[in-house]
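Here are my notes on the model you sent over.

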Amino acid sequence: KTVGATDGTYTQFNQFNVNGGRDFDTSQNFFGITPVTLSGFVGTQMDTLLGMDVLSQFSIEIKRDPLELLLHTQQYDIEDGSLSIQSIMGLPSIPAEVKGLPCSVVFDTGAKIAYLPRKQVAGLKEVDNIEDFYPSFGRFSTPVYKVPFNIGGHELIFSAGVLPEVLEMTMLSAIDGVIGTEILGYLDINIYMQQRAMRLAA
């Protein structure tokens with residue numbers, strides 16, 4: 001089966017079994033999105049979409065080379081230098097700097113680029129325009145900008161877009177931005193949801 005992981009709140013589509021052990025019941029339809037429609041959006045067959053209702057019960061390890069998502073049941077000692085995770089609207093947010101200004105961003109494994117409020121990208125040069133989608137909204141297009149981020153002392157340049165106004169009002173009302181899977185090109189990530197910490201390693 002092909003499984004997608006997202007920082008959305010709920011797991012959808014099929015019953016899911018983790019490591020041959022725990023079973024999780026899931027919903028079959030999410031805001032009108034089914035496995036067929038989701039597969040069309042992402043361009044590959046998807047059988048299950050994992051949300052934070054499942055992921056938050058594990059320690060999450062995401063490796064770059066080879067690209068792997070590992071779910072661990074054991075808890076780990078939190079190392080110095082780990083970032084503190086806050087839960088905002090059920091989503092994990094971490095401290096960061098965007099264009100030198102402190103902010104709080106959500107790491108969304110379902111986002112292929114970062115997203116910022118329009119005021120954050122005002123005056124920046126548009127370098128591209130892409131199509132993306134959001135499950136409860138559908139497809140949308142966004143201009144893309146190159147924006148400097150500092151996350152846990154790591155200076156990174158991300159591609160950042162802007163959400164449709166209705167999504168920006170709802171998703172960016174309590175946070176300052178979203179970072180997506182582009183970070184996986186730079187860093188390995190360990191997320192310890194129950195201990196509310198995240199570790200980044202170059």
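1. Strand β10 (residues 101-107) is largely enclosed by the rest of the structure, because five of its seven residues are buried. Buried here means under 20% relative accessible area, with exposed being over 50% and partly exposed in between (1.4 Å probe, protein chains only). Strands are DSSP E runs of at least two residues and helices are H or I runs of at least four, numbered from the N terminus.

2. A word on the source: this is a predicted model, where local features need pLDDT of at least 70, side-chain atom pairs count only at pLDDT 80 or more, and totals for chains, interfaces and linings use all residues. Residues are numbered from 1 along each chain as its sequence is written, and side-chain values use heavy atoms, with hydrogens and water left out.

3. Which strands does β10 pair with? Strand β9 (residues 91-98) runs antiparallel to β10, over six bridges; two strands pair if DSSP finds at least two bridges between them. P95 has S104 in β10 as its bridge partner. Two residues sit between the strands of this hairpin, and K99 takes a positive phi near 55 degrees.

4. β10 also pairs with strand β15 (residues 177-179), this time in the parallel sense, over three bridges. There, F107 stands opposite I179 of β15.

5. Stepping back, the chain has four helices and 17 strands. It has 202 residues, and 47% of them count as buried.
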